[in-house]
Amino acid sequence: MATAEAIFRTGLPRLHHFDPSFNCSSSLLSVNPADGRSRRSRRNHGSKALVKCPAKVHARRGNTDALSFGRINKFAGRQDSSRCKCQQQSETFGSDGGSGGMSIPVFDVNGGQEFALQQQLKPENGNVAVGGNGALMDGNGTATTTTDGQPKGSSSNPIEDEAWDLLRASVVYYCGNPIGTIAANDPNSSTVLNYDQVFIRDFIPSGIAFLLKGEYDIVKNFILYTLQLQSWEKTMDCYSPGQGLMPASFKVRTVPLDGDEDASEEVLDPDFGEAAIGRVAPVDSGLWWIILLRAYGKCSGDLSMQERVDVQTGIKMILKLCLADGFDMFPTLLVTDGSCMIDRRMGIHGHPLEIQALFYSALLCAREMLAPEDGTSDLIRVLNNRLVALSFHIREYYWIDMRKLNEIYRYKTEEYSYDAVNKFNIYPDQIPPWLVEFMPSKGGYLIGNLQPAHMDFRFFSLGNLWSIVSSLATVEQSHAILDLFESKWEDLVAEMPFKICYPALEAQEWRIITGSDPKNTPWSYHNGGSWPTLLWQLTVASIKMNRPEIAERAVELVEKRISRDKWPEYYDTKRGRFIGKQSRLFQTWSIAGYLVSKQLLANPDSAKILVNDEDSELVNALSCMIGANPRKQRGRKAFKQPFIV
């Protein structure tokens with residue numbers, strides 16, 4: 001057993017810091033054959049994935065998996081011999097930089113431009129100190145002022161003050177750098193599972209909150225560190241997925257330094273799905289990463305980061321993975337169940353709307369950020385073709401309202417022709433009874449999934465909201481979705497925003513589709529549970545369509561109880577009355593989602609960092625597609641020039 005464990009340990013590479021002097025053009029790592037491992041050379045854009053960065057300490061820590069939540073770990077303040085060798089000068093993490101804090105050297109993430117991070121260690125003498133976010137801290141590390149320097153409690157909204165304190169307490173550090181926020185920071189929880197890790201999708205609202213606050217460093221570090229992880233070798237049962245895959249999450253671990261009993265080092269331990277429940281690859285991680293990268297550039301004005309060679313390569317690798325040719329006849333991404341926010345078996349395998357909306361948004365964001373260079377033109381051409389086909393497919397075949405529902409009700413089946421009306425051979429008997437009562441006369445939505453002979457008529461909130469944000473839905477469809485929210489408020493919102501999907505799977509349908517999942521029981525968790533984090537997506541969508549009153553109404557509901565309930569992950573029951581039976585408290589993206597909503601409503605123009613405006617060229621191309629005869633498009637296809645990453 002010990003031998004097997006030793007083999008397992010040595011077979012896993014560990015990721016350390018960037019080497020700033022590393023030439024980005026030298027992107028192939030050589031493998032030392034003496035290490036006893038047979039491993040392919042892998043492309044590594046802009047970083048040495050295996051450059052060690054030991055953080056030596058005077059005594060080994062008792063917990064080798066320790067994470068620093070909301071503060072630098074206690075060894076960081078020691079003399080230079082106790083610090084990471086790659087640490088350079090320091091820079092402020094916070095809105096105003098706060099004076100009087102200890103300067104903690106950090107590595108150079110600017111590819112040659114040194115910067116530093118100022119973060120105040122908790123004082124040991126009980127005196128008041130200035131934290132890195134500008135807030136005064138007492139001897140116990142508790143903030144006595146807000147980040148704006150006002151006395152604690154002087155804010156007109158104490159819920160916001162509490163939320164900011166909790167969000168900052170969830171920050172994770174790696175060798176002195178803030179690199180993300182943990183999923184949940186519940187001090188009373190006895191089972192941690194993977195809630196102490198930094199999830200890509202979970203960090204998005206946290207990152208947006210920090211960006212809108214003017215604190216850019218944590219987002220920049222997050223983007224660059226996760227970029228390193230993209231080039232990590234990912235293998236499960238002797239099979240490796242595409243190289244562009246981003247991890248679902250990562251964890252900072254403190255491990256003993258080889259050859260020195262009294263020293264340790266921090267390493268990043270990513271999970272690409274090999275350890276996840278169900279072993280599902282996170283398709284949405286790379287898409288969210290691109291969206292956050294664009295938001296960082298728009299908010300900070302630092303466009304140099306997206307122009308870096310390693311970042312450009314990272315974007316192209318994600319696109320290459322998403323735009324790869326396959327057997328599918330549809331422009332939508334084909335994924336397995338559980339590959340997005342709904343990460344358990346819920347019958348969304350195929351072409352779920354959430355993935356398509358994020359895919360469309362990521363394509364638009366990537367096109368905006370790709371640098372003009374040799375080879376990029378071919379990628380842009382493929383990308384534009386996919387955008388046109390995807391937008392047409394979703395708008396035409398996923399949309400449903402009362403008129404479309406009546407059309408499906410009268411469908412003829414078994415049509416064999418190029419101009420068939422019922423292209424996917426949908427049987428009218430598939431229309432569920434609940435939908436006939438649910439569909440309002442004014443309003444509509446995009447269905448959850450579409451495959452041959454199958455339409456998933458469930459309403460999925462995130463997919464519909466992000467279709468508005470990304471302009472995947474037309475202007476008319478976007479307004480109709482918000483009309484549906486208003487007309488069906490008691491079903492989709494009730495006492496806590498928002499139903500992740502509607503309605504819940506029940507009885508035999510629940511047993512067959514979920515496999516009798518005890519966590520996804522009816523009106524709980526992903527099966528019709530209410531998720532406060534969806535508040536920020538609704539806010540962006542409402543502001544884009546100039547209907548912020550919808551988001552304001554939802555925020556008022558949240559403020560009535562979420563702080564009292566200790567910021568749960570989700571709520572149960574049809575009206576969202578109970579805290580979820582397995583819900584984590586102090587869930588970070590519930591906290592961050594509320595803060596982003598408040599920030600956006602206070603400054604609606606800031607929503608532009610997330611919104612994709614409708615492309616006039618795409619609209620013209622769609623008009624041509626609608627009027628085209630499918631027979632005329634048949635024939636020998638011209639050779640397609642491949643794009644090279």
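Trainee: What makes the meeting of the Asp 284 and Arg 201 side chains a salt bridge?

Mentor: In this predicted model, the N to O distance between Asp 284 and Arg 201 is 2.7 Å. The cut-off is 4 Å between a side-chain nitrogen of Lys or Arg and a carboxyl oxygen of Asp or Glu, so the pair qualifies. The pair links distant parts of the chain, with Asp 284 in helix H5 (residues 283–300) and Arg 201 in helix H3 (residues 200–213), 83 residues apart.

Trainee: Why is Asp 284 called buried?

Mentor: Its relative accessible area is 0%, and buried means under 20%, so Asp 284 is buried. Arg 201 has 11% relative accessibility and therefore also counts as buried.

Trainee: What makes Glu 495 and Arg 577 a salt bridge?

Mentor: Their closest N and O atoms are 3.3 Å apart, which is within the limit of 4 Å. Glu 495 lies in the loop between helix H14 (489–492) and strand S16 (501–502), and Arg 577 in the loop between strand S17 (571–572) and strand S18 (578–579), so the pair ties together parts 82 residues apart in sequence.

Trainee: Why is Glu 495 called partly exposed, and why does Arg 577 count as exposed?

Mentor: The relative accessible area of Glu 495 is 23%, which falls between the limits of 20% and 50%, so Glu 495 is partly exposed. Arg 577 stands at 53%, over the 50% limit, and therefore counts as exposed.

How values were computed:
Residues are numbered from 1 along each chain as its sequence is written. This is a predicted model: local features need pLDDT of at least 70, side-chain atom pairs count only at pLDDT 80 or more; totals for chains, interfaces and linings use all residues. Side-chain values use heavy atoms; hydrogens and water are left out. Helices (H or I, at least four residues) and strands (E, at least two) are DSSP runs, numbered from the N terminus. Buried means under 20% relative accessible area, exposed over 50%, partly exposed in between (1.4 Å probe, protein chains only).
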